[in-house]
Amino acid sequence: MGRIVLMVLRLIYIAPYYIFRIWRYSKSKDVDLAEKFAYIKKVTKKANRAGRVTIEAHGLENLPKQDGFIFYPNHQGMFDVLVFLESCPVPFSFVVKKEARNVVLLKQVGDALGALAIDREDLRQSMKVINTMAEEVKKGRNFLIFPEGTRSKQGNQLLEFKAGSFKGAVKAKCPIVPCALVDSFVPFDSGSVRAVTVKIFYLPPLYYEEYKDMNTQEIAAEVKRRIEEVIKEVIS
C-alpha cells in the first residue's frame, strides 16, 4: 500500500489525466488494441519509476515471432501484471480473478485491453472463460494467465500449477510461453518502499508439436519445472 501511495504522490500532478485517459480507452471500441496498450505501457513505466521499481527483463528474444500465444508465469502478487505491461513489447490481454476485477484502475486497464474475469469457484464459468481465451488466441491475440490460480504468498516459491489453465493453449494449439518472475512480490506485498529490482525471464516457448501428446497435468508440471529451474538459479 505504501508504494502505491508513493506512486500517486510523485505523479500527483499528472495522475488524474492518466486515469481519465485510461478510463476513456476502457469505454472506447474505436481505438485499436495496439494504441491502448502503448499508452498503458507508457503510464506503467512512469508509475514504476515513481514507485522506485526497476524492471529487468531477460529472454525477450524467445517470444514467438507471430502473435497468438499465451504467457504462463508464476504468480507472486498484484504487481505481476505491471511487470508484463512494462517489459512486454507486444500487446496482450489477461485473465483476472473476479475478485480483482473491480479494483480501481485494474478494472479500467482490463476493460481497455479486453481482460477476461474468471470465477475459479464456478467450473462452468471458468471453462467458458478458458474457451473464450482460446478462441481469441486463435484470432491472433496474446493472453496472460496465472496457472497457480492465486498468488503464492511464499515469495519466490511456487504453488502447484492448475492443469485446467492449460486447456486454453491446447484448444488454441498455440505456443506456451513460460515466464519466471523473481521478487515481484516485493513492491506491493512487502510493505517496503525501498528501491527494488524485479526480474522477469521470458523462457523459450513450448510449441504445439512439442506438447500435443501430453495431457494438461503433464504440461503444467513441465512449465512449472522450467520456471522453478530458472528461479532457483537466479536466487541461489
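Two strands count as paired if DSSP finds at least two bridges between them; strands (E, at least two residues) and helices (H or I, at least four) are DSSP runs, numbered from the N terminus. This is a predicted model, where local features need pLDDT of at least 70, side-chain atom pairs count only at pLDDT 80 or more, and totals for chains, interfaces and linings use all residues. Residues are numbered from 1 along each chain as its sequence is written, and side-chain values use heavy atoms, leaving out hydrogens and water.

Q: What makes strand S1 (53-58) and strand S4 (116-118) edge strands?
A: The open sheet has seven strands in the order S1-S7-S6-S2-S5-S3-S4, with mixed pairing. S1 and S4 each pair on one side only.

Q: How do you know that strand S6 (residues 176-182) and strand S7 (residues 196-202) pair?
A: They share four bridges, in the antiparallel sense, and pairing asks for at least two. Valine 182 stands opposite lysine 199 in S7.

Q: Why is asparagine 142 called buried?
A: Its relative accessibility is 3%, and buried means under 20% (exposed is over 50%, partly exposed in between; 1.4 Å probe, protein chains only). So asparagine 142 counts as buried.
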